[in-house]
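Hello,

Here is the structure I promised to pass on. Please open it first, then read my notes below.

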Amino acid sequence: MPYISVGKENSGNINLYYEDHGSGKPVILIHGYPLSGASWEKQIPALLAAGHRVITYDRRGFGRSSQPSTGYNYDTFAEDLHKLVTKLELRDFALVGFSMGGGEVARYIGKFGKSGSTNVSKAVFISGVPPYLLKTPDNPEGVDGSVFDGIEKAVAADRYAFFTEFFKNFYNTDALLGSRVSAEAVRSSWNVAAGASAIASLACVPTWHEDFRKDLAAVDVPTLVMHGDADRILPIGASGLRTAKLIKGAELLVVKGGPHCIPWTHADEVNPRLLSFLGERAAKRAAGARRDEAVA
């Protein structure tokens with residue numbers, strides 16, 4: 001299992017678990033809260049079949065990565081991502097972020113500017129947390145701060161009980177259970193969440209209302225925004241629609257009836273649009289390679 005060290009806490013290394021599969025044009029998939037890189041299981045096979053090199057990693061505190069007590073802010077998350085990009089010597093790669101992962105996409109480009117974004121070929125925000133969720137005088141479309149305070153209190157009191165309620169709205173189980181998501185899939189997500197760091201589970205909540213507006217202004221690559229219009233975690237009006245407007249030339253896909261986790265429930269819509277946006281060259285290369293193998 002590959003790991004990259006991104007820092008130290010006292011006597012121990014802070015290691016990120018990652019997976020690197022396939023060949024061709026690289027795509028980095030960045031997961032949401034409180035899951036791991038494994039949550040992309042419905043996208044990874046499609047991207048590999050299209051001839052992409054697919055890289056996933058677990059954010060610090062989640063999945064198989066280290067669980068330090070520090071570093072739960074978007075500047076550090078972006079630095080962690082940059083260290084992975086540097087280690088793998090990636091060039092001309094696409095960044096795809098789901099939910100919290102959309103913050104890494106925005107902050108990576110915003111923080112590293114030309115030194116980082118010149119290597120980013122395309123950006124994708126799926127149910128992303130940008131641009132700015134907190135209601136302030138200059139951001140009246142945001143959510144009242146008391147909502148986030150309540151979430152922090154719920155996580156601190158009993159994160160396991162919180163996750164049970166969270167995933168009901170993550171998947172809109174009252175409407176989609178048994179049709180677009182199974183009870184077993186929901187339970188698997190709960191299990192992954194339960195294995196996350198208790199410190200990270202709480203510390204990440206305030207990052208949800210980070211201000212990404214300046215970061216989005218720095219996005220100068222082709223961008224795709226996908227969001228469900230029934231998202232109960234990050235309502236489309238406060239996030240996806242505004243992100244698409246703030247990035248010049250961004251494409252927007254509104255998934256009708258889509259909950260927060262459209263990569264799972266609506267993979268039949270998400271995957272074709274993602275593959276189309278990332279380009280057909282990889283798919284054509286893959287088809288040519290298969291033909292060459294058949295002839296050989």
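The lining of the second largest cavity has 3 nonpolar residues, 5 polar ones and no charged residues. This is a predicted model. The residues around that cavity are Phe125, Gly128, Pro130, Val225, His227, Ser239, Gly240 and Thr243. Two elements give two or more residues each to this lining: strand S7 (223–228) and helix H9 (240–246). The space inside the second largest cavity is about 30 Å³.

The structure holds 2 cavities of 30 Å³ or more. The largest cavity has about 40 Å³ of space. Its lining is made by Lys25, Pro26, Val27, His52, Ala94, Ser121, Lys122 and Leu278. Strands S3 and S6 are the elements that give two or more residues to it. By class, the lining of the largest cavity has 4 nonpolar, 2 polar and 2 charged residues.

The largest pocket has a volume of about 370 Å³. It is lined by 21 residues. Closest to its centre are Ile151, Phe166, Trp208, Arg232 and Ile233. Which helix gives the most to this lining? It is helix H4 (residues 145–171), with 9 residues. The lining of the largest pocket divides by class into 15 nonpolar, 3 polar and 3 charged residues.

The second largest pocket has a volume of about 260 Å³. Its lining counts 15 residues. Ala38, Ser39, Tyr171, Ser189 and Trp264 lie nearest its centre. Helix H6 (183–194) and helix H10 (262–265) each supply at least two residues of the lining. H6 gives the most, with 4 residues. By class, the lining of the second largest pocket has 10 nonpolar residues, 4 polar and 1 charged.

H4 and H6 also pack against each other. Their axes are 10 Å apart, and the angle between them is about 140°. Angles over 145 degrees would count as roughly antiparallel, and 65 to 115 as roughly perpendicular, so H4 is oblique to H6. The crossing of the two helices is right-handed. From H4, the residues in the contact are Arg159, Tyr160, Phe163, Thr164, Phe167 and Tyr171. From H6, they are Ala185, Val186, Ser189, Trp190, Ala193 and Ala194. By class, this contact has 9 nonpolar, 2 polar and 1 charged residues. Two names here come up elsewhere. Tyr171 and Ser189 take part in the contact between the helices, and both are among the residues nearest the centre of the second largest pocket.

Now for the backbone. Pro34 sits in the loop between strand S3 (26–30) and helix H1 (44–49). Another cis bond joins Pro130 to Pro131, and its omega is near 10°. Pro131 belongs to the loop between strand S6 (120–126) and H4. Pro130 is also one of the residues that line the second largest cavity.

Ser99 deserves a look too. Its phi is near 55°, a positive value in a residue other than glycine. Ser99 is in the loop between strand S5 (93–98) and helix H3 (100–117).

Last, Arg53. This residue lies in strand S4 (residues 53–57). What is Arg53 in contact with, leaving aside its neighbours within four places in sequence? The list is Asp20, His21, Gly22, Ser23, Gly24, Lys25, Pro26, Val27, Leu88 and Leu90. Among them, Lys25, Pro26 and Val27 also line the largest cavity. Arg53 and Ala200 are 147 residues apart in sequence. In space, they are 29 Å apart, C-alpha to C-alpha.

- Begin at the second largest cavity, with Phe125 and Gly128 among its lining residues.
- Go on to the largest cavity, which has Ala94 and Leu278 in its lining.
- Visit the largest pocket, where Trp208 and Arg232 are among the residues closest to the centre.
- Follow H4 to its contact with H6, including Phe163 and Trp190.

Best wishes

Note on methods. Residues are numbered from 1 along each chain as its sequence is written. This is a predicted model: local features need pLDDT of at least 70, side-chain atom pairs count only at pLDDT 80 or more; totals for chains, interfaces and linings use all residues. Side-chain values use heavy atoms; hydrogens and water are left out. On a 1 Å grid over the protein atoms alone, a cavity is a set of points where a 1.4 Å probe fits but cannot get out, and a pocket is an open set with protein on both sides within 12 Å along at least five of seven lines; lining residues have an atom within 4 Å of a point. Grid points are joined across faces, edges and corners, and a volume is the space filled by probe spheres set on the points. Ala, Val, Leu, Ile, Met, Phe, Trp, Tyr, Cys and Pro count as nonpolar, Asp, Glu, Lys and Arg as charged, and the others, Gly among them, as polar. Axes are lines fitted to C-alpha atoms, for helices over the stretch in contact, and angles run from 0 to 180 degrees between N-to-C directions. Angles under 35 degrees count as roughly parallel, over 145 as roughly antiparallel, 65 to 115 as roughly perpendicular and the rest as oblique. A crossing is left-handed if the near helix is turned anticlockwise from the far one by less than a right angle, and right-handed if clockwise. Contact means heavy atoms within 4.5 Å.
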